[in-house]
Amino acid sequence: MTVAELIKNLQNLPSDHLVVIRGFEGGVDEVTDLEETKVVLDVIQDWNYGSHELLDPRDRSEGDDVAPVVYLRNGA
(Lines give C-alpha, C1' and ligand atoms only; values in the text may rest on other atoms or scores of the structure.)
Protein backbone atom coordinates (compact mmCIF):
# COMPACT_ATOMS: atom_id res chain seq x y z
CA MET A 1 0.00 0.00 0.00
CA THR A 2 1.33 3.43 -0.89
CA VAL A 3 0.88 6.64 1.11
CA ALA A 4 -1.68 7.84 -1.46
CA GLU A 5 -3.67 4.60 -1.12
CA LEU A 6 -3.50 4.82 2.68
CA ILE A 7 -4.77 8.41 2.65
CA LYS A 8 -7.62 7.48 0.30
CA ASN A 9 -8.66 4.57 2.53
CA LEU A 10 -8.38 6.60 5.73
CA GLN A 11 -10.62 9.34 4.30
CA ASN A 12 -13.48 6.83 4.25
CA LEU A 13 -13.18 6.10 8.00
CA PRO A 14 -14.29 8.06 11.07
CA SER A 15 -11.53 10.51 11.99
CA ASP A 16 -11.82 9.75 15.71
CA HIS A 17 -10.84 6.05 15.37
CA LEU A 18 -7.49 4.95 16.78
CA VAL A 19 -4.89 3.49 14.43
CA VAL A 20 -3.32 0.33 15.85
CA ILE A 21 -0.58 -2.13 14.91
CA ARG A 22 0.01 -5.72 15.96
CA GLY A 23 1.72 -6.09 19.33
CA PHE A 24 4.97 -8.01 19.76
CA GLU A 25 3.52 -11.20 21.23
CA GLY A 26 -0.19 -10.49 20.80
CA GLY A 27 -2.79 -7.81 21.19
CA VAL A 28 -2.45 -4.43 19.48
CA ASP A 29 -0.72 -1.12 20.22
CA GLU A 30 -1.80 2.39 19.32
CA VAL A 31 0.33 4.07 16.62
CA THR A 32 2.05 7.06 18.21
CA ASP A 33 4.84 7.83 15.73
CA LEU A 34 5.91 7.42 12.13
CA GLU A 35 9.19 7.83 10.33
CA GLU A 36 10.59 7.73 6.83
CA THR A 37 13.20 5.03 6.46
CA LYS A 38 14.24 2.26 4.05
CA VAL A 39 13.80 -1.49 3.82
CA VAL A 40 15.56 -4.20 1.88
CA LEU A 41 12.79 -5.98 -0.01
CA ASP A 42 12.01 -9.70 0.15
CA VAL A 43 15.07 -10.89 2.09
CA ILE A 44 13.43 -12.84 4.92
CA GLN A 45 11.97 -16.26 4.15
CA ASP A 46 10.92 -17.41 7.65
CA TRP A 47 7.12 -17.62 7.91
CA ASN A 48 7.07 -15.97 11.33
CA TYR A 49 8.89 -12.79 10.25
CA GLY A 50 7.98 -9.98 7.89
CA SER A 51 9.32 -10.26 4.33
CA HIS A 52 11.41 -7.09 4.40
CA GLU A 53 14.37 -6.02 6.56
CA LEU A 54 14.15 -2.58 8.18
CA LEU A 55 17.29 -0.48 7.69
CA ASP A 56 18.65 2.07 10.12
CA PRO A 57 17.43 5.53 8.96
CA ARG A 58 21.08 6.60 8.64
CA ASP A 59 21.86 3.73 6.26
CA ARG A 60 22.58 5.10 2.78
CA SER A 61 22.10 1.77 0.97
CA GLU A 62 20.62 1.98 -2.51
CA GLY A 63 19.64 -0.47 -5.21
CA ASP A 64 16.68 -2.22 -6.77
CA ASP A 65 16.09 -4.17 -3.57
CA VAL A 66 16.01 -1.08 -1.28
CA ALA A 67 12.75 0.86 -0.98
CA PRO A 68 11.77 4.03 0.89
CA VAL A 69 8.94 3.40 3.36
CA VAL A 70 6.80 5.04 6.01
CA TYR A 71 7.18 3.03 9.22
CA LEU A 72 4.28 3.25 11.70
CA ARG A 73 5.42 2.71 15.29
CA ASN A 74 4.02 2.73 18.78
CA GLY A 75 6.85 4.90 20.04
CA ALA A 76 8.81 1.97 21.46
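**Reading the assignments in a predicted model**

Mentor: In this predicted model, the loop between helix H1 (3–10) and strand E1 (20–22) holds Ser15.

Trainee: Why does Ser15 count as exposed?

Mentor: The relative accessibility of Ser15 is 79%. Exposed means over 50%, so Ser15 counts as exposed.

Trainee: What makes Val3 partly exposed?

Mentor: Val3, a residue of helix H1, has a relative accessible area of 47%. Buried requires a value under 20% and exposed one over 50%; Val3 is therefore partly exposed.

Trainee: Which residues form the nonpolar patch on the surface?

Mentor: Val3 is one of them, and the others are Met1, Leu6, Ile7, Leu10, Leu13, Val19, Leu34, Val70 and Leu72. Together they have about 890 Å² of accessible area. H1 and E5 each supply at least two residues, and H1 gives the most, with four.

Trainee: How do you know that strand E3 and E5 pair?

Mentor: The cut-off for pairing is at least two bridges. Strand E3 (residues 33–40) and E5 have eight, in the antiparallel sense, so they count as paired. In one of these bridges, Asp33 has Arg73 of E5 as its partner.

Trainee: What makes E4 and E5 the edge strands?

Mentor: The open sheet has three strands in the order E4-E3-E5, with antiparallel pairing. Strand E4 (53–54) and strand E5 (66–73) each pair on one side only.

Trainee: How far apart in space are Ser15 and Pro68?

Mentor: Their C-alpha atoms are 27 Å apart, and the two residues are 53 residues apart in sequence.

How values were computed. Residues are numbered from 1 along each chain as its sequence is written. This is a predicted model: local features need pLDDT of at least 70, side-chain atom pairs count only at pLDDT 80 or more; totals for chains, interfaces and linings use all residues. Side-chain values use heavy atoms; hydrogens and water are left out. Buried means under 20% relative accessible area, exposed over 50%, partly exposed in between (1.4 Å probe, protein chains only). Patches are made of residues with over 30% relative accessible area and no salt bridge: like charges are joined within 9 Å, nonpolar side chains (Val, Leu, Ile, Met, Phe, Trp, Tyr) within 5 Å. Accessible areas come from the Shrake-Rupley method with a 1.4 Å probe; for residues, only the protein chains shown count as cover. A salt bridge is a side-chain nitrogen of Lys or Arg within 4 Å of a carboxyl oxygen of Asp or Glu.
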